[in-house]
Each structure stands twice: as structure tokens, then as C-alpha cells.
Amino acid sequence: MSGCLFEFVVRLELISFVSSTEIRETYRYVSAGDSAAQSSRSLATLIDACPHFSFPDRDQFLSPDKSHMLASERFSFVITDPIGMRFFGYVLRYFESPTNQTPRAFVICSSFQCFALFSHMLQEL
């Protein structure tokens, strides 16, 4: 078990072009200390997976009518690394109104399964 409450926090931004979308990482904080994602390779793999889980519906943001989209939402996902360790991703996806027409997301990745705690932490970001 990890000595850290979380492995990392990333902030992602969905950029919409005429016929495609791109996800950019705009912030990264990696927790120091005894990490469950021991190797930098394992950690990089976890971080690289976050955009796919944070924006599984990224193509819907190409639509000109965005009235059906929520102002913000919270959800979680689970990633299992190659040696079988489970990591829980907690996502807050939101719009910065009124300027942004595409969402942004904060993702906290932890080896602990505690949606209520991490959901509250994301609300404070």
C-alpha cells in the first residue's frame, strides 16, 4: 500500500478544432515520497491514460449545440497496471463560463478507493 494519499494531480483541457479535438495537459503535480506507482515508467503510463478516461466522449464537443452538456460532473475510473496494482482516478470535468465552449478536467489518481474524499478535494480546486 502507498504511503501517499494520491499519486498525482493533472489538469486537462479539451481543445476543439473544426473537425477534431485535442487534449492538452496544462498542469501536473506528482506526489513525492513512497509512491505506489514505483517506477517513473509506471507513473508515465498512468498519466498518459488519464485523457482517455477523462474525455471518453470527446467527439460530442465538436457539435455546435452544447446545450445538452452539464456545467460540471464528477466520476471515477480504475486502471490496473501491468503488475496488477489498481489505481483509482477521480475526475472533475467542468466548463469555465462564459468564455470556454469546451471542458477542462482535474484528475486525481490514488491507490485508495474513496470517492467521497477525492470528490470533495476536487471541489476545492
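The chain holds two helices and five strands, where helices (H or I, at least four residues) and strands (E, at least two) are DSSP runs numbered from the N terminus. From the N terminus on, these elements follow the order β-β-α-β-β-β-α. This is a predicted model, in which local features need pLDDT of at least 70, side-chain atom pairs count only at pLDDT 80 or more, and totals for chains, interfaces and linings use all residues. Residues are numbered from 1 along each chain as its sequence is written, and side-chain values use heavy atoms, with hydrogens and water left out.

**Overall picture**

- Of the 125 residues of the chain, 43% count as buried; buried means under 20% relative accessible area, exposed means over 50%, and partly exposed lies in between (1.4 Å probe, protein chains only).
- The chain exposes about 7200 Å², and carbon and sulfur atoms supply 54% of that area; accessible areas come from the Shrake-Rupley method with a 1.4 Å probe, and for residues only the protein chains shown count as cover.
- Taking contacts (heavy atoms within 4.5 Å) between residues at least 6 apart in sequence, 54% join residues at least 24 apart.

**The sheet**

- Five strands make an open sheet in the order β2-β1-β5-β4-β3, with antiparallel pairing; two strands pair if DSSP finds at least two bridges between them.
- Why does one side of β2 and of β3 lack a neighbour in the sheet? β2 (21-30) and β3 stand at the edges with a single partner strand each, so one side of each is left without a neighbour.
- On average, neighbouring strands of this sheet are turned by 20 degrees against each other, direction ignored; the axes are lines fitted to C-alpha atoms, for helices over the stretch in contact, and angles run from 0 to 180 degrees between N-to-C directions.

**Strand pairs and hairpins**

- β1 and β2 run antiparallel and are joined by nine bridges; Val9 has Tyr29 in β2 as its bridge partner, and Phe8 stands opposite Val30 in β2.
- These two strands, β1 and β2, form a hairpin with four residues between them.
- The loop between β1 and β2 contains Ser20, which is partly exposed at 35% relative accessibility.
- The C-alpha atom of Ser20 is separated by 9.1 Å from that of Arg58, although the two residues are 38 apart along the chain.
- β3 and β4 also pair in the antiparallel sense, over nine bridges, and Glu73 has Arg93 in β4 as its bridge partner.
- β4 pairs with β5 in the antiparallel sense over seven bridges; here Arg93 has Ala105 in β5 as its bridge partner.
- β4 is mostly covered, with eight of its nine residues buried.

**Nonpolar cores**

- A nonpolar core here is a set of buried Ala, Val, Leu, Ile, Met, Phe, Trp, Tyr and Cys residues joined through side-chain atoms within 4.5 Å.
- The largest such core has 19 residues, and those with the most contacts inside it are Phe8, Val10, Leu12, Cys50, Phe55, Phe77 and Val107.
- At least two residues of this core come from each of β1 (8-16), α1 (40-54), β3 (72-80), β4 (86-94) and β5 (104-110).
- Which element gives the largest share of this core? That is α1, with five residues.
- Another core, of ten residues, lies apart from it, with Phe88, Tyr90, Tyr94 and Phe118 among its members.
- Leu12 touches, among others, Ile23, Cys50, Phe55 and Val107, not counting residues up to four places away in sequence.

**Aromatic pairs**

- Rings of Phe, Tyr and Trp (its six-membered ring) pair if their centres lie within 6.5 Å; planes under 30 degrees apart count as stacked, over 60 as edge-to-face and the rest as tilted.
- By this rule the count comes to five aromatic pairs.
- Phe6 and Tyr29 make a tilted pair, at 6.2 Å centre to centre with 55 degrees between the planes.
- Phe6 lies in the segment before β1 and Tyr29 in strand β2, so this pair ties together parts that are 23 residues apart in sequence.
- Phe6 is buried at 16% relative accessible area, whereas Tyr29 is partly exposed at 38%.
- Tyr90 and Phe115 form another tilted pair, at 6.3 Å centre to centre with 50 degrees between the planes.
- This pair links strand β4, which holds Tyr90, to helix α2 (residues 115-124), which holds Phe115, across 25 residues.
- Tyr90 is buried, with a relative accessible area of 2%, while Phe115 is partly exposed at 39%.
- Together with Phe118, Tyr90 and Phe115 form one aromatic cluster.
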